[in-house]
Amino acid sequence: MEFGIVELSRLQFAVTVMYHFLFVPLTLGLSILVAIMETVYVMTNRPIWRQMTKFWGMLFGINFALGVATGITMEFQFGMNWSYFSQYVGDIFGAPLAMEGLMAFFLEATFVGLFFFGWDKLSKVAHLTVAWLVAIGSNFSALWILIANGWMQNPVGAAFNPMTMRMEMTDFFAVLFNEVAQAKFVHTVSAGYVTASVFVLGVSAWYLLRGRHVELARRSITVAAAFGLASAFSVVLLGDESGYNASHSQKMKLAAIESMWETEPAPASFNLFGIPDQTARETHYAIKIPWAMGLIGTRSLDTVIPGINDLVAEAETRVRSGIIAYDALLHIREAREASDPAIMATFEDHSADLGFAMLLKKYVDDPRTATEEQIKAASNDTVPTVWPLFWAFRFMVALGFGFIATMSYFFYRASFRGMRFPRWSLHLAVWMIPAPWIAAELGWIVAEFGRQPWTVDGVLPTALSVSALSMTEVAMTLAGFVIFYTILFIIEMGLMLKYIRKGPFQDVEETEAWNIRHHDRLAGRRNADAIAQPAE
């Protein structure tokens, strides 16, 4: 593969996004968990829950601050590294980003200060309201970002204007309720809830292994296991929804994930294992589960899922149609408002395929002069590299079922075994802490790598989206981002580990006094029950 300005710009954006997403899922999940813990405190007035809220809230605050620092720089890249993308689709893509800043970020940024500094200044109910507003703001922030990303995956509610040479929004509500965006939102925030639950579970298990902060750790495990179990099931079920959406909005991505080269009779089988060979266009040593892919991808027994080879043939047809649209567009640009109605009609008939003609820009300046070989090459370019998608998806799914099993076990022990956990399970919980981050990063690889060669699926090729920068300029900014983000990551890890080792240090005397009274009450009840039992 040639490594040019497009690939280097993609690498820079991938690095910054994946760094940023180390912070996002924990922010999404911890904000909800902290709000739940404070809700229990307000309902029960038990100091232990206030201490839990403050402790996990402090870790949330560290993560939130570092996440904001890594997220701000990303939006500048759209204008600096992807200027044609910003110019071409900015009218649609920019709207959700603006809403994210105005509605979500301002909300959480405003109330996060009240959360940390308002404990002794606000009433319990008022502070609880603040906690939930922070959580809602964090999750709303994810909603608007994923609406923007969902539109890139499934560009609905917009049309190309030949007079302005830009995509323009035609239906805001179609963009807002885009089925891909909504499925991505619930899937992503559920993954964030799992991440936070595994984090709380692992840290609490570490405390139990060392016999520290036992009351806080046991209650934290109970909350994390219950919330994490529901979230883990939600991730799997909503991931299935994303697969169903892909079967009619991103067919090539779905076929690449399955390494499905040929169209199979319905219902298609699922490749549990295999070694994709993109050169030979086959999957070696495939182990298939009959019917599974058809049921997951189409929810029917008679709907066919097209294979990669058939989709390439369909892409070739669309490339040829796009060339007609491109030719009509040039005539419209020349005549402007005086354009021949027949030419305008021709453009309208083929405008949906204009993006496919733009794939030819990789080989020739004027798509109308493309040779048959170049048209076939552009059609083959619609196939993403299969093996990363194939394996990333399978490792992600395996981790997802692993989270369900882990959370189920800890929920059972917390609910029916008196919160007593074998040491091997506590060690497992500690070692599992990085797993949800790995699963989340794999999920984004599937989502974004599978969209290639498009920045906006079927509309704008990635190769045309970049700014006119030199390799040196992008390499220097990439190096700067890597250094800056690595420093932030070291700071994040240092602060998190410092305060985890330190443990809860707020409301200690009040909480310990309550714990003593609580244990005395429990002991008194047990003694009373023993006296009340008749002698044998």
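This is a predicted model: local features need pLDDT of at least 70, side-chain atom pairs count only at pLDDT 80 or more; totals for chains, interfaces and linings use all residues.

User: OK, what are the angle and the axis distance for α9 and α15?
Analyst: The angle is about 75 degrees. The axes lie 7 Å apart. Helix α9 covers residues 251–258, and helix α15 covers residues 386–416.

User: So what do we call that arrangement?
Analyst: Roughly perpendicular, because angles from 65 to 115 degrees get that label.

User: Which residues make the contact?
Analyst: From α9, they are A256, I257 and E258. From α15, they are V386, L389, F390, F393 and R394.

User: And how do those divide by type?
Analyst: This α9 and α15 contact has 6 nonpolar residues and 2 charged ones. No polar residues take part.

User: Switching topic. How many cavities of 30 Å³ or more turn up?
Analyst: A search of the whole structure finds 2.

User: What volume does the largest one have?
Analyst: The largest cavity has about 40 Å³.

User: What lines it?
Analyst: The lining of the largest cavity is S31, V34, A35, F60, F115, A131 and V134. Of these residues, 6 are nonpolar and 1 is polar. None is charged.

User: Which helix gives the most to that lining?
Analyst: That is α2, with 3 residues.

User: Which helices supply at least two residues each?
Analyst: Both α2 (24–44) and α5 (124–153) do.

Conventions:
Residues are numbered from 1 along each chain as its sequence is written. Side-chain values use heavy atoms; hydrogens and water are left out. Axes are lines fitted to C-alpha atoms, for helices over the stretch in contact, and angles run from 0 to 180 degrees between N-to-C directions. Helices (H or I, at least four residues) and strands (E, at least two) are DSSP runs, numbered from the N terminus. Angles under 35 degrees count as roughly parallel, over 145 as roughly antiparallel, 65 to 115 as roughly perpendicular and the rest as oblique. Contact means heavy atoms within 4.5 Å. Ala, Val, Leu, Ile, Met, Phe, Trp, Tyr, Cys and Pro count as nonpolar, Asp, Glu, Lys and Arg as charged, and the others, Gly among them, as polar. On a 1 Å grid over the protein atoms alone, a cavity is a set of points where a 1.4 Å probe fits but cannot get out, and a pocket is an open set with protein on both sides within 12 Å along at least five of seven lines; lining residues have an atom within 4 Å of a point. Grid points are joined across faces, edges and corners, and a volume is the space filled by probe spheres set on the points.
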